[in-house]
Amino acid sequence: MSTMMAAPNLVRCYSSYRNGVMKSKWKCKAEGEADVVVIGSGVGGLCCGALLARYGEDVLVVESHDQPGGAAHSFDIKGYKFDSGPSLFSGLQSRGPQANPLAQVLDALGETLPCATYDSWMVHIPEGQFLSRIGPTDFFKDLQQYAGPNAVHEWRKLLDAVLPLSAAAMALPPLSIRGDWGVLSTAAARYAPSLFKSFLQMGPRTALGATKLLRPFSEILDDLQLKDPFIRNWIDLLSFLLAGVKANAVLSAEMVYMFAEWYKPGCCLEYPLHGSAAIVDALVRGLEKFGGRISLQSHVENIVVENDRAIGVKLRSGQFLRAKKAVVSNASMWDTLKLLPKEAVAKSFSERINTTPQCDSFMHLHLGFDAEDIPSDLGIHHIVVNDWERGVDADQNVVLISIPSVLSPNLAPHGKHVLHAYMPGTEPFDLWEGLDRRSAEYRNLKAERSEVMWKAVERAVGGGFSREKCEVKLVGSPLTHERFLRRNRGTYGPAVQAGKDTFPGHSTPIPQLYCCGDSTFPGIGIPAVAASGAIVANSLVSVSQHSNLLDAIGI
């Protein structure tokens with residue numbers, strides 16, 4: 001949809017986004033250029049744009065959708081405020097050198113994110129159901145009951161090996177990383193003493209284990225000779241929730257970081273009081289606070305390359321936006337490739353993208369229903385695994401359920417609940433490709449493929465739940481995912497296997513074109529994409545500017 005109206009120098013700009021309610025007005029003048037143009041307002045793109053604005057750069061974020069946030073955006077139907085994507089968060093309010101990357105970005109922007117805290121989620125597995133608590137001790141009780149003493153022994157063995165490694169995995173603050181040799185100053189030299197101290201405290205055996213942080217996590221499990229089926233299945237599940245792949249493909253550093261956030265004393269899970277929209281809200285506030293701009297319903301038709309350099313973007317409306325310093329794409333690698341003129345793309349670059357395997361897509365179920373007859377102690381999160389033997393990455397097998405109104409009643413009308421169930425990155429796009437969304441075939445397939453989510457919801461919520469009494473019922477398919485998130489084949493992201501391949505870096509063969517988001521290092525997930533956006537922002541400013549920012553936030 002074109003955003004051009006009567007005046008050719010106006011674009012529709014994001015003015016205010018508070019508590020999940022968007023307010024837009026024609027107020028921003030687009031002079032046709034900015035220092036940096038960011039394509040897409042996912043968490044990675046917003047982190048990049050907001051930090052660049054914090055550095056003093058003139059930034060314009062262009063977003064195809066009428067809402068900012070990408071996969072983290074929210075939407076409102078009949079007073080129910082739905083998350084469209086991530087809902088399991090931790091470390092959002094952490095501060096300091098070892099803080100979550102998103103928390104470090106928010107700290108740099110001077111933004112806070114009020115959250116409700118909790119320490120457990122309900123697990124529904126073939127062995128039974130139990131309330132799984134994070135922290136160092138409570139989970140042992142569940143293991144003893146559902147898996148036996150050998151599982152308890154192996155879990156203790158794993159924690160004893162992994163938690164000390166977290167000192168190495170978290171030694172370099174994510175915000176200190178940049179994509180050029182300046183990293184020797186902002187990261188290596190700056191944090192060398194603390195890194196050296198961490199290795200000394202580990203002892204030689206643990207320090208040797210730290211060399212595996214960039215290897216698959218399964219190698220650490222194998223070295224520890226962990227063979228209990230429940231432990232291996234549980235770790236595969238945690239890995240899949242974190243990165244969309246099992247333990248044999250996830251980076252050990254990612255899992256070690258997660259263990260440090262979930263299984264150390266005093267840890268907790270967090271949920272933003274106003275939903276995932278609050279994360280987007282805080283990033284947009286930070287962007288605008290420092291003079292950055294965001295233009296909604298501004299669909300980028302192509303990236304303009306001139307004299308072998310990216311010099312800006314052309315919108316579907318025909319408007320050209322010049323980027324004096326850089327273009328940053330927060331789109332997936334496959335969607336970014338489509339935006340580039342074929343003659344400007346090196347064969348090796350396009351082949352690398354086209355041969356990168358993809359995670360599958362999603363099925364979504366969004367429900368709004370009356371809380372009457374629903375248990376008052378209903379938990380916010382539920383995980384349903386139907387069959388361990390099929391694997392956590394099998395289709396129609398694992399369902400995640402989020403009921404955020406349990407902690408944030410303002411997300412639903414009074415006395416109601418809002419629920420989002422989804423199958424994460426396991427729904428094959430091939431089943432849906434080419435279907436007409438208006439056809440009976442499409443409707444029937446949605447009903448068939450969503451049934452496993454309905455059954456999971458009935459199992460999790462209990463006997464007081466009724467499908468017929470739901471006031472809002474929305475089923476989303478891979479085609480929905482592809483359409484609203486502009487995701488190639490509705491994919492979760494690259495299915496990169498640690499030890500066999502690596503996520504691409506942030507620069508490209510085309511000068512002045514950079515990429516951030518889940519198609520780049522460090523990969524999939526909110527912390528990872530926030531880190532990727534920060535790395536690109538840091539790489540586009542001087543080492544002294546970068547160091548001054550680290551000084552300003554005390555890391």
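In this predicted model, helix 8 and helix 9 meet through a defined set of residues: Ile235, Leu238, Ser239, Leu242 and Ala243 on the helix 8 side, and Glu254, Met255, Met258 and Trp262 on the helix 9 side. Sorted by class, this contact has seven nonpolar residues, one polar and one charged. Helix 8 also carries Trp234, which pairs with Trp121 of strand 8.

**Packing of helix 8 and helix 9**

- Two packed helices are described by the angle between their axes and the distance between the axes.
- For helix 8 and helix 9 (residues 252–262), the angle is about 100° and the axes lie 11 Å apart.
- Because angles of 65 to 115 degrees count as roughly perpendicular, helix 8 is roughly perpendicular to helix 9.

**Aromatic pairs**

- A search of the whole structure gives 21 aromatic pairs.
- One of them is the stacked pair of Trp121 and Trp234, with 6.4 Å from centre to centre and 5° between the planes.
- Trp121 belongs to strand 8 (residues 120–125) and Trp234 to helix 8 (residues 229–243), so this pair ties together parts that are 113 residues apart in sequence.
- Both partners are buried: the relative accessible area is 2% for Trp121 and 0% for Trp234.
- The rings of Phe369 and Phe465 have centres 5.3 Å apart and planes at 85°, so they form an edge-to-face pair.
- Phe369 is in strand 15 (residues 361–370), whereas Phe465 is in the loop between helix 13 (440–461) and strand 19 (472–476); the pair thus links distant parts of the chain, 96 residues apart.
- Phe369 and Phe465 are both buried.

**Ring cluster and a charge over a ring**

- Ring pairs join a set of residues into a cluster, among them Trp121, Phe130, Phe139, Tyr146, Trp155 and Phe217.
- The cluster also includes Phe230, Trp234, Phe259, Trp262, Tyr263 and Trp388.
- Arg156 lies over the face of Phe140, 4.4 Å from the ring centre.

**Backbone geometry**

- Most residues other than glycine have a negative phi, and most peptide bonds are trans.
- Phe521 and Pro522 are joined by a cis peptide bond, with omega at about 5°.
- Pro522 is in the loop between strand 20 (513–515) and helix 15 (526–539).
- Gln297, a residue other than glycine, has a positive phi near 50°.
- The loop that holds Gln297 runs between strand 11 (293–295) and strand 12 (300–306), and Gln297 counts as buried at 15% relative accessibility.
- Gln396, which is not a glycine either, has a positive phi of about 60°.
- Gln396 is found in the loop between strand 16 (381–385) and strand 17 (398–402); at 19% relative accessibility it counts as buried, because the cut-off is under 20%.

- Val43 is in helix 1 (residues 43–54).
- With a relative accessibility of 6%, Val43 counts as buried.
- Leaving aside residues up to four places away in sequence, Val43 touches Gly69, Ala72, Leu102, Leu283, Asn330, Ile526, Val529 and Ala530.
- Val43 and Val123 are 80 residues apart along the chain, and their C-alpha atoms are separated by 28 Å.

Technical notes: Residues numbered from 1 in each chain as written. Predicted model: local features only at pLDDT ≥ 70, side-chain atom pairs only at ≥ 80, totals over all residues. Heavy atoms only, no water. Phe/Tyr/Trp six-rings, centres within 6.5 Å; stacked < 30°, edge-to-face > 60°. Helix = DSSP H or I, 4+ residues; strand = E, 2+ residues; numbered from the N terminus. Buried < 20%, exposed > 50% of the residue type's maximum accessible area, 1.4 Å probe, protein only. Lys NZ or Arg CZ within 6 Å of the ring centre and 35° of its normal. Axes fitted to C-alpha atoms, helices over the stretch in contact; angles between N-to-C directions. Parallel < 35°, antiparallel > 145°, perpendicular 65-115°, else oblique. Contact = heavy atoms within 4.5 Å. Nonpolar A, V, L, I, M, F, W, Y, C, P; charged D, E, K, R; others polar.
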